[in-house]
Every structure is written in structure tokens, then in C-alpha cells.
Amino acid sequence: MNHAASDAPNQAASAGLQPPPDGLLRGASLFLDFDGTLVEIASRPDGVAVDQRLRALILRLGERLDGRMAVVSGRPADTIAEYLGTGFAISGSHGLEMRWADGRRDAPDRPDGLVEAVARLRRFADEHAGMLVEEKPYGVGLHFREAEGDRAEAAAREISERLAGETGMQLQAGKKVFELRAAGADKGEAIAAFMASAPFAGHTPLFLGDDKTDEHGFAVVRDQGGAGVLVGEPRETAARYRLDGVNETLAWLEIAAEAV
Ligand SMILES: O=P(O)(O)OC[C@H]1O[C@H](O[C@H]2O[C@H](CO)[C@@H](O)[C@H](O)[C@H]2O)[C@H](O)[C@@H](O)[C@@H]1O
């Protein structure tokens, strides 16, 4: 069955959520989403800005937490490593790829139907101005952020749903994107897998994320006695804290790293 990843259970309104306390990283295992959390949303996937401040922060967090830090993203793990460097754990492709700090990796087979889905979406994008196809190792995204008109989202959803039905790939809705990807994992499962192994095990999990696809992660850290931090506007969420945006998140992480 194909289901959208925004179906995470047990969410409550976040209107009253406060910023996290500065001491929250003490004794924690830290999991960080990338787009919309560490970098501002850009008009295209390759348009995000990663500066020296962010790279230095990632290094510092890894040091201060004795390696208990991972980036958990919908992007491929290799893309995260290109942006942020290596030497820390990464889960890529919405939990499908696992890469530990020492270089060990787990990844699934490429999904049947991916080649066909990419070809069909490329034809669709050629015929619809502003649509952009992002090919990834275990999935493909159809971005409609730059497409004009009320029908753009509906048209993108329509072809994505049709292809999910035809290929058996999982349909996942994100920010101005529909993704088709291999089924069988989500960010919550990736965090749980990290938390079952060294150096993360035995520490309190924290996860910072912005998107509905991050709710699985918020639910897992909550259920393991930790907390989620929603980045962005209030909404229904399983997170316990909230920060207004990327700038506030980077500033909080810088302060919290020194309070460990
Ligand atoms: O899990 P994340 O690290 O948050 O990644 C989720 C998706 O992020 C990217 O798409 C989003 O960001 C783009 C750049 O800001 C933006 O143009 C797009 O509209 C957003 O949906 C990335 O391209 C996807 O592969 C990730 O799955």
C-alpha cells in the first residue's frame, strides 16, 4: 500500500510550544534534518547555501557530543556529505540509507520502476513549465515550487499518484514536492536504528526538523524519552519544542553546544 509519510500518529497543536532550553544537548544524542532546519529553503534543490558557519557548527557539535550526532535527511547520504563533510553519521533518502561515522553503510536495492518513473516524470516536466525532476539513488522528486498556476500542485500530485500505483513505489509529499521512493523506511526508523547502536545508545534522543516527513522522527524520540524540536510555523506536531526558523535554530545549536 502506498501511504504519505505525513500520517504520523499522536500529534498535538504546537501553538504554545517554547524554544528548547540551552542545556538540552547535555547527555543527548542529536539528530538533525537538513532542508528547512540547517539551511533555508531555496527555489531549487541545488540552490541551498551551506556556509563555513554551518560546517564549523556541525564539526563542533560532533566534538562536543563525542560523535552522538547524525544528519537525517530526505536527500541522498552522499549529497549531505558533499554539503557538510564526513566523519559523522548520516541517514539519507528518508531513512533508506544508513551511514555510520566510521564509513559502514546500509542501503536497499534500487526500487523496481525507478527508471520508468524518472522517464515519465521527465516527459511530464518537459510539458509543464516550472516542474523540476530530482533524480536520487532510491527515488525521484517532482518539484513544483517554480511552477505557476493553481493547477500545478494538482497536476504534480495526479501523475505522482498514478506512478506510485503503477510502480509500487511509496508516494511522499514534502514542501512543494512529491517524491516516489523505495518503501520500507522512514526517519523514525533511522533514528531508532542509530539509537540501538554506539555511540548513540543510552543517551537521550533529540531531533530537530521542519517538515511533515519529520513527524516520524519526532514520535520516535518522544517515545524513547527524548524530544522533538519543530523548526518553523506552529502546526500539529509530536515535537515538544519549537524554534521559529533556520537562523534561530543555528543560533540555538551554537549556544547549546557550548552548554554541553
Ligand atoms: O529531509 P530534508 O533534509 O528536509 O530533505 C527534504 C527534501 O529537501 C529538498 O527539497 C526541499 O528543499 C529544496 C531546497 O530548499 C526546495 O527547493 C524544495 O521545494 C523542497 O521540497 C530535496 O530536494 C529533497 O530531495 C529532500 O527530500
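Two strands pair if DSSP finds at least two bridges between them. Strands here are DSSP runs of E with at least two residues, helices are runs of H or I with at least four, and both are numbered from the N terminus. Keep in mind that this is a predicted model: local features need pLDDT of at least 70, side-chain atom pairs count only at pLDDT 80 or more, and totals for chains, interfaces and linings use all residues. Residues are numbered from 1 along each chain as its sequence is written.

Let's start with strand β2, residues 28–32.

| Partner of β2 | Bridges | A facing pair |
|---|---|---|
| β11 (204–209) | five | S29 opposite P205 |
| β3 (69–72) | three | L30 opposite M69 |

Five of the five residues of β2 are buried, where buried means that 20 or more other C-beta atoms, placed from the backbone, lie within 10 Å of a residue's own. A28, L30 and L32 point one way from the strand, while S29 and F31 point the other way.

Now zoom out. Where they touch, 12 residues of domain 1 are in contact with 13 residues of domain 2; contact means that the C-beta atoms, placed from the backbone, lie within 7 Å.

So where does the ligand sit? Both domains give residues to the shell around the ligand, so it lies between them. There are 23 residues around the ligand, and F34, D35, P45, S73 and G74 come nearest; a residue counts as near if its C-beta atom, placed from the backbone, lies within 6 Å. Strands β8 (139–143) and β10 (177–181) each supply at least two residues of that shell. By type, the shell has six nonpolar, seven polar and 10 charged residues. Nonpolar covers Ala, Val, Leu, Ile, Met, Phe, Trp, Tyr, Cys and Pro, charged covers Asp, Glu, Lys and Arg, and the others, Gly among them, are polar.

Finally, a pair of helices. The axes of α5 (residues 187–195) and α6 (residues 215–223) come within 6 Å and cross at roughly 40°. Those axes are lines fitted to C-alpha atoms over the stretch in contact, with angles running from 0 to 180 degrees between N-to-C directions. K187, G188, I191 and A192 of α5 meet H216, G217, A219, V220 and V221 of α6.

Note on methods
Two residues are in contact if their C-beta atoms, placed from the backbone, lie within 7 Å. Domain bounds come from an automatic or database domain assignment. A residue is buried if 20 or more other C-beta atoms lie within 10 Å of its own, exposed if 12 or fewer, and partly exposed in between; C-beta atoms are placed from the backbone.
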